[in-house]
Amino acid sequence: MNFKQGGQAIQRIRKERGMTQEQLAELTGISSNSISRIERGALIPALPTLVDLCNALEVGVDAVLAAYLVTDTPIRWTPLARKLEGADLEKQRKIEAILDCLIETI
């Protein structure tokens with residue numbers, strides 16, 4: 001298991017949100033030193049800590065956990081789900097039909 005990649009995912013998301021380690025520490029109650037160690041892969045976060053980090057970063061846990069998994073092609077549904085949330089019901093049905101066609105032809 002590559003713990004560094006999970007930490008890098010947390011760091012990437014944190015930076016995308018324009019947050020410093022200190023700001024994330026303040027939101028989670030985790031020390032900024034621990035956040036630094038998690039991001040470097042030197043500290044493996046416990047599940048409750050990981051959930052706290054993801055809640056503070058406003059991201060699904062799967063966005064971080066996928067980085068910890070060793071797979072050929074990690075599937076990340078969160079970005080797709082976010083895009084679909086903004087679409088009206090008619091567009092969602094059309095997108096679902098397109099996805100069904102794609103899956104059938106692959």
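1. A word on terms comes before the surface: patches are made of residues with over 30% relative accessible area and no salt bridge, where like charges are joined within 9 Å and nonpolar side chains (Val, Leu, Ile, Met, Phe, Trp, Tyr) within 5 Å. A salt bridge here is a side-chain nitrogen of Lys or Arg within 4 Å of a carboxyl oxygen of Asp or Glu, and accessible areas come from the Shrake-Rupley method with a 1.4 Å probe, with only the protein chains shown counting as cover for residues. By these terms Ile95, Ile98, Leu99, Leu102, Ile103 and Ile106 form a nonpolar surface patch, with about 610 Å² of accessible area together.

2. This is a predicted model, in which local features need pLDDT of at least 70 and side-chain atom pairs count only at pLDDT 80 or more, whereas totals for chains, interfaces and linings use all residues. Residues are numbered from 1 along each chain as its sequence is written, and side-chain values use heavy atoms, with hydrogens and water left out.

3. The protein has seven helices and zero strands, helices (H or I, at least four residues) and strands (E, at least two) being DSSP runs numbered from the N terminus. Of its 106 residues, 29% are buried, where buried means under 20% relative accessible area, exposed over 50%, and partly exposed in between (1.4 Å probe, protein chains only). Ile98, from the patch, lies in helix H7 (residues 89-105) and is exposed, with a relative accessible area of 52%.

4. Three salt bridges are counted. Arg14 and Glu39 meet in one of them at 2.6 Å, N to O; this pair links distant parts of the chain, with Arg14 in helix H1 and Glu39 in helix H3, 25 residues apart. Arg14 counts as buried at 6% relative accessibility, and Glu39 counts as buried at 4%.

5. Glu16 forms a salt bridge with Arg12, the closest N and O atoms being 3.2 Å apart. Because Glu16 and Arg12 are four residues apart in helix H1, about one helical turn separates them. Glu16 is exposed, with a relative accessible area of 52%, while Arg12 is partly exposed at 36%.

6. Lys94 forms a salt bridge with Glu90, with the closest N and O atoms 3.9 Å apart. Since Lys94 and Glu90 are four residues apart in helix H7, they too are separated by about one helical turn, and Glu90 is partly exposed, with a relative accessible area of 46%.
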